[in-house]
Amino acid sequence: MPSSNPQPGRRERNKREKLERIIAAASELFATYGVDEVTTQQIADAADIATGTLFLYAKSKSELLLMVQNHHYEKSLEQGIKAAQSAQNTVDAVMALLAPIIDCNRKHVGNGRVYLREMAFGDSAEPHHHEALRIAGLTERAIAELLGAQGNLEAPQAAITARVITSIQFLAMAATPDPAVASAAVAHDMRAQIAVILRR
């Protein structure tokens with residue numbers, strides 16, 4: 001009986017392997033030097049691919065940063081959703097969900113701020129920008145689900161409140177450019193605002 005989930009072909013595997021090498025190379029270079037100091041040629045060399053091949057995956061350095069940060073952001077969101085399941089109250093649950101995202105964004109503050117800028121003002125026709133907005137939407141929906149389950153909010157109110165909370169999240173991360181400010185301090189400020197919104 002044939003498998004319902006056939007293994008990807010060689011071409012698809014090669015594409016996936018190149019993508020993984022690009023993400024690994026760009027992640028390391030951006031984390032070490034910052035996005036402004038890294039060239040696409042350096043990323044291509046580190047990933048052991050031609051520059052032309054690199055541009056098949058991302059058309060610009062901004063798109064490369066979006067691609068890399070999207071990868072890390074989605075993993076952080078998954079961690080946050082799991083952590084929120086054991087929280088004792090609604091505010092704790094929301095902050096447990098957001099904490100890994102804050103940490104991810106502040107691993108390199110300059111890169112995190114560029115990512116937020118590109119998410120807000122980048123080219124919406126570019127696939128990695130579209131993906132960033134998709135992940136932001138997943139974050140908003142995950143918060144809305146928490147508010148419905150733990151905060152006993154009806155779906156429309158939970159959705160609106162989740163949008164307010166993600167706006168607080170975005171601004172709190174974008175408005176803290178000093179790398180000396182720890183993730184915990186950003187989270188503390190965010191928590192105070194969210195507690196007022198939820199009146200807890």
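Helices here are DSSP runs of H or I with at least four residues, numbered from the N terminus. The model is predicted.

**View 1. Glu118 in helix H6.** Glu118 lies in helix H6. Its relative accessible area is 16%. Buried means under 20%, so Glu118 counts as buried. Beyond its neighbours within four places in sequence, Glu118 is in contact with Ser62, Leu66 and His129.

**View 2. Helix H8 along its length.** H8 spans residues 155–174, 20 residues in total. From first C-alpha to last, H8 reaches 28 Å, close to the 28 Å expected at 1.5 Å a residue.

View 3. Ala158, Thr161, Ala162, Ile165, Thr166, Ile168, Gln169, Ala172 and Met173 are buried. Seen down the axis of H8, these buried residues fall within an arc of 155 degrees, so they line one face of the helix. The face turned away from the buried side carries Pro156, Ile160, Arg163 and Leu171, which are exposed.

**View 4. The crossing of H5 and H8.** The axes of H5 and H8 come within 11 Å and cross at roughly 30 degrees. Angles under 35 degrees count as roughly parallel, and H5 and H8 are therefore roughly parallel to each other. Their crossing is right-handed. H5 makes the contact through Val94, Leu98, Ile101, Ile102 and Asn105. H8 contributes Ile165, Gln169 and Met173.

Key: Residues numbered from 1 in each chain as written. Predicted model: local features only at pLDDT ≥ 70, side-chain atom pairs only at ≥ 80, totals over all residues. Heavy atoms only, no water. Helix = DSSP H or I, 4+ residues; strand = E, 2+ residues; numbered from the N terminus. Expected span 1.5 Å × (residues − 1). Buried < 20%, exposed > 50% of the residue type's maximum accessible area, 1.4 Å probe, protein only. Arc of directions from axis to C-beta. Axes fitted to C-alpha atoms, helices over the stretch in contact; angles between N-to-C directions. Parallel < 35°, antiparallel > 145°, perpendicular 65-115°, else oblique. Left-handed = near helix turned anticlockwise from the far one by under 90°. Contact = heavy atoms within 4.5 Å.
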